[in-house]
Amino acid sequence: MWENWDDAESPYRELMTYYNEVNNGGHYQYFDNVSSTSDLQGEMDQIKKLLSEELKANLQRAYESYLVLESMLSEPENEISDMHNEIMDECDDLFYERENEFIAVFEEYASKIEL
């Protein structure tokens with residue numbers, strides 16, 4: 001299934017992208033990569049259809065910090081950017097702690113695919 005994730009139905013395709021990007025480089029990488037190639041807000045809306053309330057809130061919290069950090073790119077490091085980097089780290093940590101929830105969604109989806 002992983003080899004053909006581009007063929008997966010929405011919202012599973014978007015969730016797989018989210019899962020892989022965060023596991024590869026954290027939420028910041030996910031937001032940065034998807035925003036440069038796709039409609040990030042639309043992708044997040046799809047992902048939220050499959051997440052628990054806590055993981056939805058975590059995604060939103062990470063996104064809000066990402067927006068702050070992106071708005072400060074040309075500014076030197078400061079307390080605000082440090083705080084938002086810490087928030088991003090916390091969001092990454094929660095994602096990794098709850099990874100089993102993502103696996104369960106993928107397994108359920110895979111069990112429904114006819115080969």
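This briefing covers helix contacts, aromatic pairs and selected residues of the structure above. The model is predicted: local features need pLDDT of at least 70, side-chain atom pairs count only at pLDDT 80 or more, and totals for chains, interfaces and linings use all residues. Residues are numbered from 1 along each chain as its sequence is written, and side-chain values use heavy atoms, with hydrogens and water left out. Helices are DSSP runs (H or I, at least four residues), numbered from the N terminus.

**H1 and H2**

- The axes of H1 and helix H2 (residues 40-48) come within 13 Å and cross at roughly 145°; axes are lines fitted to C-alpha atoms, for helices over the stretch in contact, and angles run from 0 to 180 degrees between N-to-C directions.
- The crossing of H1 and H2 is left-handed, meaning that the near helix is turned anticlockwise from the far one by less than a right angle.
- On the H1 side, the contact (heavy atoms within 4.5 Å) is made by Glu14, Leu15, Tyr18, Tyr30, Phe31, Val34 and Ser35; on the H2 side it is made by Leu40, Glu43, Met44, Gln46 and Ile47.
- By class, the contact of H1 with H2 has eight nonpolar, two polar and two charged residues; Ala, Val, Leu, Ile, Met, Phe, Trp, Tyr, Cys and Pro count as nonpolar, Asp, Glu, Lys and Arg as charged, and the others, Gly among them, as polar.
- Buried residues of H2 are Leu40, Glu43, Met44, Gln46, Ile47 and Lys48, where buried means under 20% relative accessible area, exposed over 50% and partly exposed in between (1.4 Å probe, protein chains only).
- The cover over the buried residues of H2 includes H1 and H3.

**H1 and H5**

- The axes of H1 and H5 come within 11 Å, crossing at roughly 145°, and this crossing is left-handed.
- H1 contributes Tyr12, Leu15, Met16, Tyr18, Tyr19 and Asn23 to the contact, and H5 contributes Glu99, Phe102, Ile103, Val105, Phe106 and Tyr109.
- The residues of the contact of H1 with H5 divide into 10 nonpolar, one polar and one charged.

**Aromatic pairs**

- Rings of Phe, Tyr and Trp (its six-membered ring) pair if their centres lie within 6.5 Å; planes under 30 degrees apart count as stacked, over 60 as edge-to-face and the rest as tilted. The count by this rule is 13 aromatic pairs.
- The ring centres of Tyr28 and Tyr66 are 5.1 Å apart and the planes stand at 65°, so this pair is edge-to-face.
- Tyr28 belongs to helix H1 (residues 12-37) and Tyr66 to helix H3 (residues 53-71), so the pair ties together parts that are 38 residues apart in sequence.
- Tyr28 is partly exposed at 28% relative accessibility, whereas Tyr66 is buried at 4%.
- Tyr66 also forms a tilted pair with Phe31, at 5.1 Å centre to centre and 40° between the planes.
- This pair, too, links distant parts of the chain, with Phe31 in helix H1 and Tyr66 in helix H3, 35 residues apart. Both Phe31 and Tyr66 are buried.
- One aromatic cluster is formed by Tyr18, Tyr19, Tyr28, Tyr30, Phe31, Tyr63, Tyr66, Phe95, Tyr96, Phe102 and Phe106.

- Asn58, in helix H3, is buried with a relative accessible area of 5%.
- The Asn58 side chain reaches the backbone oxygen of Cys91 at 3.0 Å.
- Apart from neighbours within four places in sequence, Asn58 is in contact with His27, Glu90, Cys91, Leu94 and Phe95.
- Arg98 is in the loop between helix H4 (79-97) and helix H5 (99-111), and Arg98 is buried with a relative accessible area of 18%.
- The side chains of Arg98 and Glu101 are joined by a polar contact of 2.3 Å; a polar contact is a pair of N or O atoms within 3.5 Å, and within protein one must be able to donate a hydrogen and the other to accept it, while residues adjacent in sequence count only if both atoms are side-chain atoms.
- With neighbours within four places in sequence left aside, Arg98 is in contact with Ser52, Glu54 and Leu55.

**Pro11 and Leu50**

- Pro11 is in the segment before H1, and the peptide bond from Ser10 to Pro11 is cis, with omega near 10°.
- Leu50, in the loop between H2 and H3, is partly exposed with a relative accessible area of 22%.
- Not counting residues up to four places away in sequence, Leu50 touches Pro11, Tyr12, Leu15 and Val105.
- Leu50 and Leu15 lie 7.8 Å apart in space, C-alpha to C-alpha, and 35 residues apart in sequence.

How values were computed:
Helix = DSSP H or I, 4+ residues; strand = E, 2+ residues; numbered from the N terminus.
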